[in-house]
Amino acid sequence: MTHYIERLKQDGAFLEELHPNERLKVNADYLRGHLTEGMADRATGAVAEGDTQLTKFHGFYMQDDRDLRSERRHQKLEPLYSFMVRLRMPGGVMSSEQWLKLDEAARRYANGTLRITTRQTFQYHGVFKDDLRAHLKAVNEAMLDTIAACGDVNRNVISTANPHVSPVHRQVYELAGKISTHLLPRTRAYHEIFLGEERVAGGPEEQEPLYTAHYLPRKFKIALAIPPENDVDVFAHDLGFIAHVENGELKGFNVSVGGGMGMTHGEPETFPRTGDIIGYCPVARVVDVAEKVMLVQRDYGNRHDRKQARLKYTLETYGVEWFRSELEARLGYALEEARDFHFDSNGDRYGWYQGEDGHWHYGLFIENGRIADFVDTDRQLMTGMREIAQRHDGDILLTTNQNLIIANVADEQRETIDALLDKYRLHRDTTALRRQSMACVAFPTCGLAMAESERYLPTLLDKLDEIMAEAGLAEDAIVVRMTGCPNGCARPYLAEIGFVGKALGRYNLYLGGDFTGQRLNKLYRENIDEATILEELTPLLQRYAREREQGERFGDFVIRAGIIKETTAGRYFHEQ
């Protein structure tokens, strides 16, 4: 059993045995590296290779347009480098004024679109290096930032959507913000390099009281859910808090640890995993529990092999009981026994619905999270939402299913909002299947993509919708998710039908997740093209229509019917 931080304090040479990223972090002067010099280099649109790891801690990735790679190589040009910039927005809440500033930043400094992520925030694509500082300053002027949106730190904290639904929702949202603030890195590197803050010479030595100069072994993700809604897929994250409510009062949270989606094709020692519930804590102890769970992972997470560095593998290596014991030793108190809970679904609410205070909220479906003006459909999401934000005095909220909510609309404002939704064709008749779908970005910007995702899933859904309608399932919701690689950004391993890219035009097909986000699926067919996908799913959907029991979901049916073996734990994900 290796306590990495203690070992490193005692033996500096141990650092040389670890993954190169560990040396990079320690030697980067609290995430500064050579970024100042790299930003000033006008000879290239890139930053140095080592610094590309550091930019992630500041909330952005260097990418290039993969559609243009071959052409630019032929022209003897470097790739068209740009940056994906991701915001830190715990709980996904912004005012209409903030929306307008973020919209302007997208049109001025990025590719003119906004992308809602599965972590309840926005990311921008196509931000060139020369525009990066101006873009980050524009985000800062909107009273937001990108700090720790990526990197080996706690990422954006997500919570069940819409704090305006009830006082409990408000409390949970506020807790997400408190956790995010408490676990934020303390280095001033971001402010100095990108916002112009001056570093004081001879000032006190900089410290990272929680992270140390080593930061975490890998990313760390936290979610808060309010049953019966599991829109956040609470078991997919390193740390999950499941609200326990009695008579309308928030009492505390069940604590889940060790979830995570990523894996690597062909390496069965890597796998997705759902979290284990290890106990319960009252509301007053949530931030403390979050900190201590993260610190156990900081000290014991694998720093030799990044493919084994997430908390889920720490749990697999040392065991759940060891983890709980170590956690409680650091807390100085024991977790209580878990409370009962029940989830109904992991989807979003659409259309108009009312909160407990009588205000209205409109859930708007955004296919794969892309907010843009679509010429081919005349659906003007970017322009329409801009005008709504100009007329709406409430908040606009993002969901972890890549949708948005126009929140806190008074009775007298509904007609105005409806008129704008109609004017810009933001209303859309969508099938139940499509409303339960998600896709990652993949091509052309993601460097990890092996296959299309966001640009392809709508076309595949058109064909699946026809099959569903012919089978009499047009009104039935099935959770469908697609990613262009096995890292799992759209949480495909929890889907009832999951597609994971293997190569251009080819996907692994997974079946057997459940409708509430509590069970992993399993590989059904490997490396298949669209024709084979449709050939495989058509008879399964027809059989489901004929043989399902009352209220039975598709993911449950394929297990009961013996079509796929149930995955009871992440370590059994690859077992057939």
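Let's start with a pair of strands: β21 and β22 (residues 522-528) run antiparallel and are joined by 4 bridges. Here, helices (H or I, at least four residues) and strands (E, at least two) are DSSP runs numbered from the N terminus, and two strands pair if DSSP finds at least two bridges between them. Within this pairing, L511 sits opposite K522 in β22.

This is a predicted model, where local features need pLDDT of at least 70 and side-chain atom pairs count only at pLDDT 80 or more, while totals for chains, interfaces and linings use all residues. Residues are numbered from 1 along each chain as its sequence is written, and side-chain values use heavy atoms, leaving out hydrogens and water.

β21 also has a partner in β20 (residues 497-503), again antiparallel, over 6 bridges. G498 faces Y510 of β21 there. The hairpin of β20 and β21 has 2 residues between the strands, and G505 takes a positive phi near 80° in it. As for β21 itself (residues 506-511), 5 of its 6 residues are buried, meaning under 20% relative accessible area with a 1.4 Å probe, protein chains only.

## Two nonpolar cores

A nonpolar core is a set of buried Ala, Val, Leu, Ile, Met, Phe, Trp, Tyr and Cys residues joined through side-chain atoms within 4.5 Å. The largest one has 100 residues, and W99, F122, F241 and L404 touch the most other members. Helix α10 (residues 286-300) is its biggest contributor, giving 8 residues. There's also a second, separate core of 33 residues, with L461, M482, L540 and I563 among them.

## R303, a buried arginine

R303 is in the loop between α10 and α11 (311-318). It counts as buried because its relative accessibility is 1%.

Leaving aside residues up to four places away in sequence, R303 touches several others, including Y4, L18, H214 and R298; touching means heavy atoms within 4.5 Å. The R303 side chain also makes a polar contact with the side chain of E22 (2.6 Å). That term covers a pair of N or O atoms within 3.5 Å; within protein, one must be able to donate a hydrogen and the other to accept it, and residues adjacent in sequence count only if both atoms are side-chain atoms. The backbone oxygen of Y215 lies 2.6 Å from a polar atom of the R303 side chain.

Key. Buried < 20%, exposed > 50% of the residue type's maximum accessible area, 1.4 Å probe, protein only.
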